[in-house]
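Here is a short briefing on one protein model. Look at the sequence and the 3D view, then work through the points below.

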Amino acid sequence: MQMQQSFERPQLPLFDAFLAGASSEPLVADGIAHSEDDQAFSELALRGAAGHCLHLLAPILRELSQNQDARWLTLVAPPASLTQAWLRDAGLNRERILLLQPRQGQSALQLAEEALKLGRSHTVISWLHPVERSTRQRLAQAAVSGGAQSLNISLG
């Protein structure tokens, strides 16, 4: 079966359909209603050479570190390649960044949840892999509770 595209109507760019009208109803995909919790959690997956991934990640972290919000940008258990020297060379505002490592008997997930719930950070970035649905929900709920954003980054 072939489908013909009508050339009489212009095709909307990918995101214009979403931006055109903000509906008060939650978006539904695959029969799952999305709630406000979904807006508090985001994921970013970068694949390839470590140097290239860090190069792509730098402007995102730089922007978050220069956020006008007076709260911290918190990095929970970042990879070893995110050193103080790398943060400086990438142009991040290191005075607005908290680097947290889990203590003995504490997981990175638990630490990220705590940081989110406290509300002292505008964004808490974690490096959890893989992230199950229950983990996403936990981080989203903690973010909503603390008025923060949760971002999970998967490098590889």
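Helix α5 lies across β3, β6 and β7, and runs at about 130 degrees to β3. Angles run from 0 to 180 degrees between N-to-C directions, with axes fitted to C-alpha atoms, for helices over the stretch in contact. Helices (H or I, at least four residues) and strands (E, at least two) are DSSP runs, numbered from the N terminus. This is a predicted model: local features need pLDDT of at least 70, side-chain atom pairs count only at pLDDT 80 or more, and totals for chains, interfaces and linings use all residues. Residues are numbered from 1 along each chain as its sequence is written, and side-chain values use heavy atoms, leaving out hydrogens and water.

**Helix α5**

- α5 has 14 residues, 133–146. At 1.5 Å a residue it should span 20 Å, and its end C-alpha atoms are 20 Å apart, which agrees. The expected span is 1.5 Å times one less than the number of residues.
- Thr 135, Leu 139, Ala 140, Ala 142, Ala 143 and Gly 146 are buried in α5. Buried means under 20% relative accessible area, exposed over 50%, partly exposed in between (1.4 Å probe, protein chains only).
- The buried residues of α5 pack against β3 (41–46), α4 (108–118), β6 (121–126) and β7 (149–155). Contact means heavy atoms within 4.5 Å.
- Gly 147 follows α5, and its phi is positive, near 65 degrees.

**The sheet**

- Five strands form an open sheet in the order β3-β7-β6-β4-β5, with parallel pairing. Two strands pair if DSSP finds at least two bridges between them.
- β3 and β5 (97–100) stand at the edges. Each has a single partner strand, so one side of each is left without a neighbour in the sheet.
- From one strand to the next, the twist averages 20 degrees.
- β6 and β7 run parallel and are joined by four bridges. Ile 125 stands opposite Leu 151 in β7.
- Helix α2 (residues 50–65) lies across β3, β4 (72–76), β5, β6 and β7. α2 runs at about 155 degrees to β3.

**Ser 121**

- Ser 121 lies in strand β6. Its relative accessibility is 3%, so Ser 121 counts as buried.
- The side chain of Ser 121 makes a polar contact with the side chain of Thr 74, at 2.5 Å. A polar contact is a pair of N or O atoms within 3.5 Å; within protein, one must be able to donate a hydrogen and the other to accept it, and residues adjacent in sequence count only if both atoms are side-chain atoms.
- Not counting residues up to four places away in sequence, Ser 121 touches Arg 71, Trp 72, Thr 74 and Ala 148.
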